[in-house]
Amino acid sequence: MDAYFIASQHKGIAARVVFCFVKFITLDDERFNREIDVQTGYRTKALLCMPIKDASGDVVGVAQVINKQGDQCFSTADEKIFSSYLQFCGIGLRNAQLYEKSQLEVKRNQVLLDLARMIFEEQSTIEHMVFRILTHMQSLIQCQRVQILLVHEASKGSFSRVFDFEANDLSGDDGDARTSPFESRFPINVGITGYVATTGETVNICNAYEDDRFDPSVDEGLNFRHKTILCMAIKNSLSQIIGVIQLINKFDDLTFTKNDENFVEAFAIFCGMGIHNTHMYEKAIIAMAKQSVTLEVLSYHASATIDDAYRLRQLKVPSSAFFKLHDFKFDDLTLDDDHTLKACIRMFLDLDLVERFHIEYEVLCRWLLSVKKNYRNVTYHNWRHAFNVTQMMFAILTSTQWWKIFGEIECLALIIACLCHDLDHRGTNNSFQIKASSPLAQLYSTSTMEHHHFDQCLMIINSPGNQILSNMSSEDYSRVIRVLEDAILSTDLAVYFRKRGAFLNLVEPTIEMSSWQAEEPRSLLRAMSMTVCDLSAITKPWEIEKRVADLVSSEFFEQGDMERQELNITPIDIMNREKEDQLPLMQVGFIDSICIPIYEAFATLSDKLTPLIDGVLENKQHWIEMAQSAKDAYANNNNTSENNNNNKSPCTDHKEDHSENECIRSPQPGSPASNGTTRKLSLEPDCTDSGHHHSIGSQESATNSCNIKEKIVGRLGVDLASSPPYADKPSFLVVGQKGNGWVNGDKVRLIRLSSSDGKTSELLLDEQLQRHPTVDEVDTLLD
């Protein structure tokens, strides 16, 4: 007896068994297909055919036995035995199918994992990426050709590049060495690929020539014929179509199945990620190359000229005593820029840094000039500030002998850090960069400006002709750079607050300086030294401290103005011009919270540094006195103004009795006063709205003169007695109010003066305001 398992034969008895679930055991049946016997030469006499079912009762195949031995017919007992046997066959076949599917899924998953690894590991070029995708796809979906077409960004219906891969591409001599695919070898079937590129729909064609979108001309003249096509869109993470993948002619004349579609769809997702990432990588490489060129150009222009370096080299460098570099009360006011540069050279020489690290003298001169050149002309954080910070570091290192603790390498790094710690400062702080979402804030999330200062420092140090560290060993160079970065970042007050607690815990009156030799304590001491030097103006004599404080507040106010105008936000009090009268009190708070703790700690570490804390406490007292004076003047002015408003009569009632009584009025449009280059409020008798302006009569001249003087001094403390053109005008008081104000959203620069007899009051404005403020605006502004 011969037995057969028939899984896909759809003729005769087997077909009827599959579709009708019946058994045939007699040969004399019209449904018997005698063609098989004719083809094979085999004679079928008896036949038993039964369905093979799985556990759920679904037919998974057909089994038939032919020609029972002895030329007998199959009996009912044979049917039962055969049926029982086929139950086990159904289970076995189903298990085999499941195993085969699982193996296929394992293979596909492995291919996807390999592709994913390749995508994220190898992003060198788009050609290499596409070649790996094509080879993986062809090995998995056995077909003759695979194409990837990248969509043109400007025109979605056309393609910028077309990559081809054929099944025998790797079988040649150079197959193993090939790392990129062929491009544009074969004609493009624009009809189908263009349709997929524009619509994003998947196209699965069983017979290409029966589809209207297929162009038969692509096969003309070639020994190739399109039969089956599977074409699918490749999308990026934003679901934008960036390409098309096309598979042509599955092997064995099979059609592309739904299972193939699902797999190619999953494959296309990874393809989109890989192609998109590679595009980004290539753009990043181009951007880095452009940045490198830009950095090279900027480095050239940011560097001082050789001629300037030669000129500085020829200058004689006086001693430290001549510059008073060891003095904690050092003032750079009398020094010009050349003297500041020579003083820096002197500090390098006295610390023996030039000799110890073999720094070429001309290179040092050019580097100093380059550092100075890269400071912007801002109000406070400029070259002069950096120079003063460096002088304080030099004075501390030499007076305390702490250079023995830090060593020569760290001393070099500290001096460089002081000179470079505010390079390219824009006059705005980290908070402003973040609020404005500046490129610097996007580049550095913390210590924004400090990271930028460090980067600028490295750029200059590595620029040709400025490489003062070029003769150091690689180990010493790395050490300098690490200390340099830590020192510059430590000038961020946020970093100061983070480290201060640990530092103060180490400071004790009986502590030996040898305790600071360990790496961690020494690192804290370096960081705190940078802060002490950065804020050292607070330790200087009052005239220096006040001058520096004015510069700092001016820069703060300029930032506040930008925040108000550009960012449309109200600045914090210390940067708000409208809170200028509160500056003394805010300065006292700054001294108490930031300055006193660290300067007291340094005085504890070395009695040589006691003058620093003494200077801080003396200046604090000055600020307290200014704050109290401003408070008293403000209170007195309010009381006096209230009394005057209660006692004075309307102008209309006493016009003849007080002929000298005058009220501030704004000039009428077209009048000479309104067109003059020196803008003044005209003084004319006014009989309207006497309760909303400063009326100064002869009977109240002494009182009002005193009030005006107290009010002006109390608010700003500006003394113009020796300032032309006011000094030669005896009719004016020796005080005035000077600063920026706001009138109906307009920024104005104003000076308010009063006559000595108290009869007149004038407001001088610069050219920024193209009209005169009204009386109400002036009162609101000054009160």
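Student: Is His358 buried or exposed?
Tutor: Keep in mind that this is a predicted model. His358 sits in the loop between helix 10 (353-356) and helix 11 (361-373). The cut-off for exposed is over 50% relative accessible area. His358 has 52%, so it counts as exposed.

Student: What is the phi of His358?
Tutor: The residue is not a glycine, yet its phi is positive. For His358 the value is about 55°.

Student: Where is Ser239, and is it buried or exposed?
Tutor: Look in the loop between strand 8 (229-235) and strand 9 (241-250) for Ser239. Ser239 is another non-glycine residue with a positive phi, at about 65°. Its relative accessible area is 57%, and the cut-off for exposed is over 50%. So Ser239 is exposed.

Student: Let's zoom out. How many helices and strands does the protein chain have?
Tutor: The protein chain has 783 residues, and 47% of them count as buried. Its secondary structure comes to 25 helices and 14 strands.

Student: What share of the contacts join residues at least 24 apart?
Tutor: Start with contacts between residues at least 6 apart in sequence. Of those in the protein chain, the share that joins residues at least 24 apart is 66%.

Student: Which residues of helix 18 make the contact with helix 21?
Tutor: The crossing of these two helices is left-handed. Helix 21 brings Ser593, Ile594, Pro597, Ile598, Ala601, Phe602 and Leu605 to the contact. By class, the contact has 11 nonpolar, one polar and one charged residues. From helix 18 come Leu493, Tyr496, Phe497, Arg500, Phe503 and Leu504.

Student: Is Arg500 buried or exposed?
Tutor: Arg500 lies in helix 18. Buried means under 20% relative accessible area. Arg500 has 17%, so it is buried.

Student: Which residues does Arg500 touch, leaving out those up to four places away in sequence?
Tutor: Ile594 is 94 residues away along the chain, yet the C-alpha atoms of Arg500 and Ile594 are separated by 9.8 Å. Ile594 is among the residues touched.

Student: What about helix 19 and helix 21: at what angle do their axes cross?
Tutor: The axes of helix 19 (residues 519-534) and helix 21 come within 11 Å. The helices are oblique to each other, with a left-handed crossing. The axes cross at roughly 120°.

Student: How many nonpolar residues are in the contact of helix 19 with helix 21?
Tutor: Helix 19 supplies Leu525, Met528, Ser529 and Val532, and helix 21 supplies Ile598, Tyr599, Phe602 and Leu605. One residue of the contact is polar and no residue is charged. The nonpolar count is seven.

Key:
Residues numbered from 1 in each chain as written. Predicted model: local features only at pLDDT ≥ 70, side-chain atom pairs only at ≥ 80, totals over all residues. Heavy atoms only, no water. Helix = DSSP H or I, 4+ residues; strand = E, 2+ residues; numbered from the N terminus. Buried < 20%, exposed > 50% of the residue type's maximum accessible area, 1.4 Å probe, protein only. Left-handed = near helix turned anticlockwise from the far one by under 90°. Contact = heavy atoms within 4.5 Å. Nonpolar A, V, L, I, M, F, W, Y, C, P; charged D, E, K, R; others polar. Axes fitted to C-alpha atoms, helices over the stretch in contact; angles between N-to-C directions. Parallel < 35°, antiparallel > 145°, perpendicular 65-115°, else oblique.
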